[in-house]
Amino acid sequence: MVVAHVDGDTIDVSLGDRVERIRLIGIDTPEAARGDRPEECVASEATERLAAIAPVGTALRRERDVVPRDDYGRLLAYAYLADGTMANLALVEAGVARPMTIEPNDTHASAFVEGAHRAQRPGRGLWSA
């Protein structure tokens with residue numbers, strides 16, 4: 001279950017009696033402001049979109065790929081809503097995330113590229129800036 005939205009491509013979820021940070025595989029969203037680094041274009045919109053897609057309290061099904069965790073210890077996953085929507089792909093199609101393939105976690109790479117094309121044609125999100 002989602003307990004917090006860290007940014008546009010990272011969420012905290014409860015797994016049993018612990019909270020784990022999940023980094024959504026295959027996508028990258030603009031970075032939020034940190035320290036003296038300014039917010040990147042549509043970073044807030046990406047976080048807001050993720051919160052709209054998977055609000056706090058939402059149950060998610062996680063799908064892993066080859067590498068289960070990143071160098072920061074975050075779980076890596078494709079996150080699915082109860083209706084079968086993949087949150088990762090929904091963010092790309094909304095234009096608030098770009099495809100980012102880090103092999104060997106590339107199971108859905110082509111779907112993310114196609115989703116980016118669907119967002120780019122009408123100029124959604126990142127593609128309008």
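Which strands each supply at least two residues of the lining of the largest pocket? Read on: the first legend has the answer.

This is a predicted model, so to speak a computed picture, where local features need pLDDT of at least 70, side-chain atom pairs count only at pLDDT 80 or more, and totals for chains, interfaces and linings use all residues. Residues are numbered from 1 along each chain as its sequence is written, and side-chain values use heavy atoms, with hydrogens and water left out.

**View A. A look into the largest pocket, with a volume of about 450 Å³.** To find a pocket, a 1 Å grid is laid over the protein atoms alone: a cavity is a set of points where a 1.4 Å probe fits but cannot get out, while a pocket is an open set with protein on both sides within 12 Å along at least five of seven lines, and lining residues have an atom within 4 Å of a point. Grid points are joined across faces, edges and corners, and the volume is the space filled by probe spheres set on the points. Of the 25 lining residues, Arg23, Asp70, Arg74, Leu76 and Ile102 are the closest to the pocket's centre. The answer to the opening question is β1 (2-7), β3 (18-24) and β4 (27-28), and β3 gives the largest share, three residues. Strands (E, at least two residues) and helices (H or I, at least four) are DSSP runs, numbered from the N terminus. Sorted by class, the lining has 10 nonpolar, three polar and 12 charged residues. Here Ala, Val, Leu, Ile, Met, Phe, Trp, Tyr, Cys and Pro count as nonpolar, Asp, Glu, Lys and Arg as charged, and the others, Gly among them, as polar.

**View B. Arg74 sits in the loop between β5 (61-63) and β6 (75-80).** Its side chain makes a polar contact with the side chain of Asp70, at 2.5 Å. (A polar contact is a pair of N or O atoms within 3.5 Å; within protein, one must be able to donate a hydrogen and the other to accept it, and residues adjacent in sequence count only if both atoms are side-chain atoms.) Skip the neighbours within four places in sequence, and Arg74 is in contact (heavy atoms within 4.5 Å) with Thr10, Arg21, Arg23, Pro68 and Arg69.

View C. (Buried means under 20%, exposed over 50%, partly exposed in between, with a 1.4 Å probe and protein chains only.)

View D. Pro30 counts as buried because its relative accessibility is 6%. Pro30 and Leu126 are 96 residues apart along the chain, yet their C-alpha atoms are separated by 9.0 Å.
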